[in-house]
Structures are given as C-alpha cells and as structure tokens.
Amino acid sequence: MQQREQQLGIEQNALIQQLQQEGASLVVGSHPHIILSSERLGPFDKFPEQKTIVYYSLGNFIFDQYWNKEVSTGLALETRIKNGKIDIVIGTHQLVSKD
C-alpha cells in the first residue's frame, strides 16, 4: 500500500485472507498515513467460531506535517485480551499545530 492510498492492493488483501485463515483474531495495519476502515471478517472453514478484527490503518500518532490535515489525525487502540475474548477501546487524536 502506498502512502495516503485509501484502497488495499492485491498483496494486502491476500495477506489479510491468509492471516484470517491461519486463525488471527486481530490484524492492525499501518503505513498510508491516513485512517482507513475497520471490519470483522469470518467465520471461515478452519475456525468456524472465530472472527478476525481488522484495522487497515490507524493513521498517524505523531507526524511532522502539521500543515496537512489529511495526515494530522490518528487512532490509538487499547486492546484487552482475556479468556480468548478481545475488547478494543478506540481513541482518536488530532495533532496540534506548533504555531
């Protein structure tokens, strides 16, 4: 995936599908500098009771382009895993200009 691209490429889709089929419960992506969608995938043949939570990109937590609103927002995930159950708390933040 290239920077600031909003669509997944063939390789990213194949990797997510492979991780899901191997039993991944959570996949968190990064790199394009912007927040992308999230979704729950599954169930699937190998693990009929399991779903995979996917966050395609969390955006930027810290980035030096304060003047660019497209890349000045990010998500923070707090993940709690207990007894095979995943709870996620999502926090958003906006970078503050140095001016």
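H33 is a buried residue, with a relative accessible area of 14%, where buried means under 20% relative accessible area, exposed means over 50%, and partly exposed lies in between (1.4 Å probe, protein chains only). H33 is not a glycine, yet has a positive phi of about 70°, and its place is in the loop between β1 and β2 (38-41).

The model is predicted, and local features need pLDDT of at least 70, side-chain atom pairs count only at pLDDT 80 or more, while totals for chains, interfaces and linings use all residues. Residues are numbered from 1 along each chain as its sequence is written, and side-chain values use heavy atoms, with hydrogens and water left out.

The protein chain has 1 helix and 5 strands, in the order α-β-β-β-β-β along the sequence; helices (H or I, at least four residues) and strands (E, at least two) are DSSP runs, numbered from the N terminus. Of its 99 residues, 29% count as buried.

Another loop residue is S57, which sits between β3 and β4 (73-82) and counts as buried at 1% relative accessibility. The side chain of S57 reaches the backbone oxygen of I34 at 2.8 Å.

The table lists contacts (heavy atoms within 4.5 Å) for two residues, leaving aside neighbours up to four places away in sequence.

| Residue | In contact with |
|---|---|
| S57 | G29, S30, H31, P32, I34, I35 and L36 |
| V54 | I16, V27, S37, S38, E39 and L41 |

V54 also belongs to the largest nonpolar core, which has 9 residues, among them I16, V27, L41 and Y56. A nonpolar core is a set of buried Ala, Val, Leu, Ile, Met, Phe, Trp, Tyr and Cys residues joined through side-chain atoms within 4.5 Å. A second, separate core has 5 residues, including Y55, L58, L75 and I86.

The largest pocket has a volume of about 190 Å³, a volume being the space filled by probe spheres set on grid points that are joined across faces, edges and corners. A pocket is an open set of points on a 1 Å grid over the protein atoms alone, where a 1.4 Å probe fits, with protein on both sides within 12 Å along at least five of seven lines, and lining residues have an atom within 4 Å of a point. Of the 13 lining residues, Q12, I16, G29, S30 and Y56 are the closest to the centre of the largest pocket. α1 gives the most to this lining, with 4 residues, and the lining divides into 10 nonpolar, 3 polar and no charged residues; Ala, Val, Leu, Ile, Met, Phe, Trp, Tyr, Cys and Pro count as nonpolar, Asp, Glu, Lys and Arg as charged, and the others, Gly among them, as polar.

How values were computed: Polar contact = N/O pair within 3.5 Å; in protein donor to acceptor, adjacent residues only side chain to side chain.
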